[in-house]
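User: I have a structure open and would like to learn how to read it feature by feature. Where should we begin?

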Amino acid sequence: MSVLLETSGVRKAYGEFVALDEVSLTVSDGEVLSIVGPNGAGKSTLVNVLTGLLKPTLGTVRFKGHDIAGVGPVMLARRGMARAFQLVHIFPALTVGETIAVAAISQTGRARRVFSSVMKDAELADRVREVAAIFGLDGKLATQSQFLSQGEKKLLDIASAFALKPEVILLDEPTSGVSSADKHGIMRTLMEASKRAGVKAIILVEHDMDLVAEYSSRIVALQGGRVLADRAPRDFFNDPEIVAAIVGKMGPRHVRAA
Amino acid sequence: MRALLVVAAIAALVALPSVVSPYYVTVILPAVAYAIALLGFNLLFGYTGLLSFGHALFVAIGGYSAAVLSAKLGVKSFELVLLISAAVSVLVAIPVALLSVRYVRIFFGILTLAFGMLFHSFLFKFYDLTGGDTGLRVLRPSLFGREFADMDKTTFLVGPFYYYCVALLVVLGFIMWRIVHSPFGLHLMAAREHPRKAEYLGVRVRFVRFLAFLVSAFYCAIGGVILAINTGQADPELAYWTHSGDLVFMTVLGGFASFFGPIVGAFSFVALKGELMGLTGYWRFVLGVVLVIMVVLFPRGLVGVGQQVWAKVRPR
């Protein structure tokens with residue numbers, strides 16, 4: 001199991017306020033790593049550091065051996081890491097096919113082509129259809145994104161990230177805004193899609209402890225900007241102290257009947 | 001259907017000089033120039049989502065370059081004048097774009113406006129180079145090495161020069177069509193729709209904006225060269241901010257959401273202005289009213305109106 005993503009001694013401070021301190025963690029091939037913690041624990045900051053958006057004050061962030069501290073989204077995509085946001089981000093006036101094509105163009109190095117036609121590019125069209133099919137969007141390729149249902153928009157947002165053919169994908173609350181009945185459906189689609197798209201590791205930021213317990217292979221719990229625990233789900237949920245510290249603070253509806 | 005309309009429009013432009021008076025052709029010639037300039041302007045406005053209030057700057061650079069090249073340096077060839085003027089415009093656009101594309105919306109608009117006004121005052125102050133408020137003379141160029149010395153000015157303008165410019169519009173229009181339908185064009189639109197999301201999908205947002213800006217400067221300069229040759233004069237009015245406003249007006253009038261909108265806007269504006277100026281001294285007021293009506297009732301411009309009408313009447 002090779003290490004794909006690694007942080008070591010990461011500290012992020014905003015003036016006096018320390019958002020992250022001494023955070024060291026790894027993400028390896030085949031893992032689904034969940035990052036959990038109460039609000040204000042530093043999850044968002046960690047996610048932004050892991051995706052190269054924020055440069056840590058101290059410490060290193062390496063992805064496949066490359067330093068990615070603060071490299072920014074474009075370089076991150078080129079290195080093979082994708083990110084889907086908690087809030088749905090779409091291109092309202094672009095069609096489903098065009099949206100996926102935006103990522104496929106970046107991934108296949110077509111971005112410099114100024115005169116060739118997107119429409120007549122059979123290879124690109126195949127890539128777009130392939131990704132759309134994984135998410136059940138292949139029947140809507142010509143639909144403008146703004147006319148999709150909320151659930152379809154969410155799927156398209158994630159599908160476009162998958163079109164980058166990432167090795168690691170970071171999913172920030174992928175089921176937020178989705179009814180609890182559909183949450184498992186979305187998660188199963190995501191897990192299946194990851195396998196089919198050749199994603200090697202998933203980083204999941206999730207509040208719903210049921211989903212965390214069911215889909216993670218490892219859980220990193222943050223508290224006050226520090227790593228409180230880094231364990232397999234079974235060890236995590238069997239430790240009353242950890243559960244009290246993390247799950248307890250996240251409110252009763254997140255407590256899993258153990 | 002669209003292809004049919006394009007062919008019909010080109011045919012109409014080619015037939016125009018044999019149907020209407022030479023005077024009317026000289027009225028329409030600026031519309032051809034504006035159509036070319038606006039193709040570039042709308043790559044930035046419609047496709048990239050950056051509204052510039054200073055693009056008359058690049059039209060003026062086209063005009064003044066043509067003046068300096070033809071009257072001061074003795075360059076006769078229209079092809080050379082076009083290429084060099086466009087190259088100068090792109091060179092000037094590089095620093096302007098580098099600064100401007102860091103901003104969006106009103107900040108981008110104000111910054112481009114400022115650059116436009118800066119150039120306008122430069123034209124006034126550096127009298128020796130620019131001729132101040134009287135501007136510079138622009139001499140008649142040769143087309144493909146032919147001078148047409150036997151023709152008087154109007155015959156030349158409404159004859160060979162007009163056809164040359166229509167051909168330029170068709171060629172540059174075709175190139176722009178390819179650009180907006182290319183992978184690069186799609187990345188531009190993604191950057192317009194949601195810059196942050198676009199970045200996470202690997203779009204180099206600032207870089208594609210920068211390139212779009214340079215292309216727009218290229219097209220605007222070509223339009224400026226034609227305008228200046230048509231009037232035989234490059235004067236500071238070309239760079240004045242109201243001229244930048246005209247570019248915005250024409251694009252909105254035709255419809256910035258459509259590829260052909262700016263072209264339709266250029267011809268409608270020039271025709272409308274020509275008619276109004278003959279009728280009333282308050283033609284700017286009337287144009288303003290038209291703009292208000294368009295923005296409030298028909299935000300997709302004349303092309304949008306056409307599409308709505310066609311959707312109602314088309315055979316099913």
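Analyst: We can begin with the core. This is a predicted model. In soluble globular proteins, nonpolar side chains tend to be buried together. Here the largest nonpolar core has 179 residues, and A:Ala159 and B:Ala35 touch the most other members.

User: Which residues is B:Ala35 in contact with, leaving aside its neighbours within four places in sequence?

Analyst: The contacts of B:Ala35 are B:Leu169, B:Pro262, B:Ile263, B:Ala266 and B:Phe267, once neighbours within four places in sequence are left aside.

User: Next, the strands. In what order do the strands of the open sheet in chain A run?

Analyst: The order is β6-β7-β8-β3-β9-β10 in chain A, 6 strands with mixed pairing. β6 (81-84) and β10 (226-231) of chain A are the edge strands, each pairing on one side only. On average, neighbouring strands of this sheet are turned by 15 degrees against each other, direction ignored.

User: How do β3 and β9 of chain A pair?

Analyst: Strand β3 (residues 32-36) and strand β9 (residues 218-223) of chain A are parallel, with 4 bridges.

User: Which helix lies across β6 and β7 of chain A?

Analyst: That is α5 (residues 150-162) of chain A, which runs at about 170 degrees to β6(A).

User: What does β1 of chain A pair with?

Analyst: Strand β1 (residues 3-14) of chain A is joined by 8 bridges to β2 (residues 17-28) of chain A, and the two run antiparallel. A:Val3 stands opposite A:Ser28 in β2(A). The hairpin of these strands has 2 residues between them, and A:Gly15 takes a positive phi near 60 degrees there. β1(A) also runs antiparallel to β4 (residues 58-63) of chain A, over 5 bridges. In that pairing, A:Glu6 stands opposite A:Arg62 in β4(A).

User: Is A:Arg110 buried or exposed?

Analyst: A:Arg110 counts as buried because 20 other C-beta atoms lie within 10 Å, and the cut-off for buried is 20 or more. A:Arg110 is found in the loop between α3 and α4 (122-134) of chain A. Not counting residues up to four places away in sequence, A:Arg110 touches A:Ile105, A:Leu124 and B:Pro183. The C-alpha atoms of A:Arg110 and A:Leu124 are separated by 9.4 Å, with the two residues 14 apart along the chain.

User: Where in chain A is the confidence lowest and highest among the helices named for it?

Analyst: Where pLDDT is low, the predicted coordinates should not be read in detail. Chain A has a mean pLDDT of 85, and 95% of its residues reach 70 or more. Confidence in chain A is lowest in helix α9 (residues 240-247), at a mean of 78, and highest in helix α3 (residues 96-107), at 93. Over residues 251-258 of chain A, pLDDT stays under 50, and the model has 11 contacts beyond four places in sequence for that stretch.

Methods. Residues are numbered from 1 along each chain as its sequence is written. Chains are lettered from A and ligands numbered from 1 in the order in which they are written. This is a predicted model: local features need pLDDT of at least 70, side-chain atom pairs count only at pLDDT 80 or more; totals for chains, interfaces and linings use all residues. A nonpolar core is a set of buried Ala, Val, Leu, Ile, Met, Phe, Trp, Tyr and Cys residues joined through C-beta atoms within 7 Å. A residue is buried if 20 or more other C-beta atoms lie within 10 Å of its own, exposed if 12 or fewer, and partly exposed in between; C-beta atoms are placed from the backbone. Two residues are in contact if their C-beta atoms, placed from the backbone, lie within 7 Å. Two strands pair if DSSP finds at least two bridges between them. Axes are lines fitted to C-alpha atoms, for helices over the stretch in contact, and angles run from 0 to 180 degrees between N-to-C directions. pLDDT is the predictor's confidence in each residue, from 0 to 100.
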